[in-house]
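I opened a notebook page for this structure and went through it one topic at a time. The entries follow in the order I made them.

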Amino acid sequence: MKIAIVVPIIGNFGRKGFYHSQEIGLGKEIAKNGHEVIVYKCVPLSFNTGLTEEEFEGINVKYIPTRSIGPHGLFKTSVINKDTDVVFAFSDTQLIISKLYRYCKKNSIKFIPYVGIAHSFQRNIKSKIMDQLFKLTTLKVYKKVKVVTKTDHAKQELMSMGVQQCVVAPVGLDFSSLKADFEEYDRVKLREKWGFSEKDEIISFVARLQPEKRPLELINIFKEVQLPNKKLLVVGDGPLKKEMQKKIQSFGLEDKAVIVPQVKYEEMWEIHYIADYFLNLRNDEIFGMAIMEAIYYKSCVIAVSAPGPDTILKNMDSHLICDSLSKIGNSLINKSKLNQDNISEDQLRLKEQFRWSNCVETILSINETDM
């Protein structure tokens with residue numbers, strides 16, 4: 001079959017060179033099954049016009065510069081080859097979905113949406129308008145097809161809105177892109193490379209520094225748990241960076257907190273490997289690729305309860321889900337709650353449960369009548 005993976009989302013999603021790319025990992029696994037795969041990835045109009053497509057281990061990636069409304073790419077659906085058999089779209093609440101569905105139906109292409117969330121993150125007038133647009137457009141499409149969701153939470157959300165056919169297929173990791181021999185490297189020397197010592201207990205935080213990621217709250221937590229050997233390593237940049245730095249200074253934590261704006265993906269394994277703890281504070285996290293990577297590299301994950309962390313960390317004894325920020329701080333202080341004895345078993349569980357092959361099996365099993 002000829003399968004198209006469509007990514008209409010504009011932004012940091014799958015940003016080449018800095019993030020674990022979901023569409024590439026999925027595409028590579030589909031290609032292993034003998035299918036032709038083309039990824040259509042929307043990018044801003046300001047994107048490098050000299051780069052129109054690339055090849056990744058048997059898949060073709062086409063970059064589509066397009067107009068957008070916020071993160072919603074508004075590309076011309078005609079760029080998708082008409083002889084495509086299946087369009088698998090990272091859909092969520094994207095405005096283009098109705099138009100894309102009509103294009104697929106017109107050209108007898110099976111349309112399969114992949115959904116992690118069905119509402120706007122923000123709670124303001126603009127988000128209310130977007131939620132209403134979703135119900136008037138995209139939601140109507142979801143009621144006509146079989147929808148694949150990233151989590152059971154997303155499935156229940158859609159079903160509560162009247163979507164009848166939903167199946168869960170969690171996001172996977174592209175294990176071939178991870179550092180398989182990371183434990184053969186000298187952890188102490190890697191710590192020194194990033195400005196830390198062997199005795200430090202490193203708390204890592206990898207996220208764009210914007211409100212929903214709660215970086216300012218992170219500093220409040222760190223202030224409460226600071227001990228002589230506790231250090232904070234932040235990887236990220238964004239609109240709250242300056243305010244975050246001011247807060248660090250006001251609390252007198254300059255010698256205990258390190259902010260690295262960007263780390264290329266080929267070096268991210270070092271961050272996870274040297275860290276003792278990895279924090280995720282977003283309470284509406286859809287999934288969390290960095291969470292899975294931290295588990296793989298045997299860093300203890302402590303996360304606020306959200307659809308993604310709840311799905312990933314279920315039955316993982318070496319990691320912790322908290323229902324409040326204060327409990328995250330308490331866990332870092334009272335480490336008796338953290339059972340890291342099974343951290344290798346949890347890594348194996350991750351490898352078994354969150355493989356792209358599981359998602360691909362679901363995609364390929366959807367009946368032809370689900371158009």
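Predicted model: local features only at pLDDT ≥ 70, side-chain atom pairs only at ≥ 80, totals over all residues.

**Entry 1**

I kept to local features with pLDDT of at least 70.

**Entry 2: the sheet**

I looked up the strand order of the open sheet. The sheet has 6 strands, in the order β13-β12-β11-β14-β15-β16, and the pairing is parallel. I then asked which strands sit at the edges. They are β13 (257-260) and β16 (320-322), each of which pairs on one side only. From one strand to the next I find an average twist of 20°.

I took one pair in more detail. Strand β11, residues 201-206, runs parallel to strand β12, residues 230-235, and the two are joined over 6 bridges. Within this pair, V206 is placed opposite V235 of β12.

Helix α10 (residues 289-296) lies across β14 (277-280) and β15 (300-304). The angle of α10 to β14 is about 165°.

**Entry 3: nonpolar cores**

In soluble globular proteins, nonpolar side chains tend to be buried together. The largest one has 60 residues. Which of its members touch the most others? The answer is L26, M292 and L350.

Setting aside neighbours within four places in sequence, I list L173, F175, M292, I295, Y296 and M316 as its contacts. Of these, M292 is also one of the residues that touch the most other core members. Apart from this core lies another, of 30 residues, which include A4, V6, Y142 and V147.

**Entry 4: aromatic pairs**

I counted aromatic pairs and got 13 in the structure. I wrote down two of them with their geometry.

For Y101 and F111, the ring centres are 6.0 Å apart and the planes meet at 65°, so I class the pair as edge-to-face. Y101 belongs to helix α2 (residues 97-106) and F111 to strand β8 (residues 110-115), 10 residues apart in the chain. The cut-off for buried is under 20%.

For F182 and Y273, I have centres 5.3 Å apart and planes at 80°, so this pair is edge-to-face as well. F182 is in the loop between β10 (166-168) and α6 (187-193), whereas Y273 is in helix α9 (residues 265-274), and 91 residues separate them. F182 counts as buried at 2% relative accessibility, and Y273 counts as buried at 10%.

I then traced the ring pairs onward from F182 and Y273. They belong to a cluster that ring pairs form from F175, F182, Y185, W269, Y273, Y296 and Y297.

**Entry 5: T362**

I looked up T362 and found it in helix α14 (residues 356-365). It has 16% relative accessibility, so T362 counts as buried. What lies 3.3 Å from a polar atom of the T362 side chain? It is the backbone oxygen of N358. Beyond neighbours within four places in sequence, T362 is in contact with V148, V167 and A169.

**Entry 6: G252**

I placed G252 in the loop between α8 (241-250) and β13. With a relative accessibility of 41%, G252 counts as partly exposed. I also noted its separation from K223: the C-alpha atoms are 9.1 Å apart in space, and the residues are 29 apart in sequence.

**Entry 7: positive phi outside glycine**

I noted two residues here. E57 is not a glycine, yet its phi is positive, about 45°. E57 is in the loop between β3 (53-56) and β4 (59-66), and at 61% relative accessibility it counts as exposed.

S108, also a residue other than glycine, has a positive phi near 55°. S108 is in the loop between α2 and β8. Its relative accessible area is 60%, so S108 is exposed.

Notes:
Residues numbered from 1 in each chain as written. Heavy atoms only, no water. Core = buried A, V, L, I, M, F, W, Y, C linked by side-chain atoms within 4.5 Å. Buried < 20%, exposed > 50% of the residue type's maximum accessible area, 1.4 Å probe, protein only. Contact = heavy atoms within 4.5 Å. Pairing = 2+ DSSP bridges. Helix = DSSP H or I, 4+ residues; strand = E, 2+ residues; numbered from the N terminus. Axes fitted to C-alpha atoms, helices over the stretch in contact; angles between N-to-C directions. Polar contact = N/O pair within 3.5 Å; in protein donor to acceptor, adjacent residues only side chain to side chain. Phe/Tyr/Trp six-rings, centres within 6.5 Å; stacked < 30°, edge-to-face > 60°.
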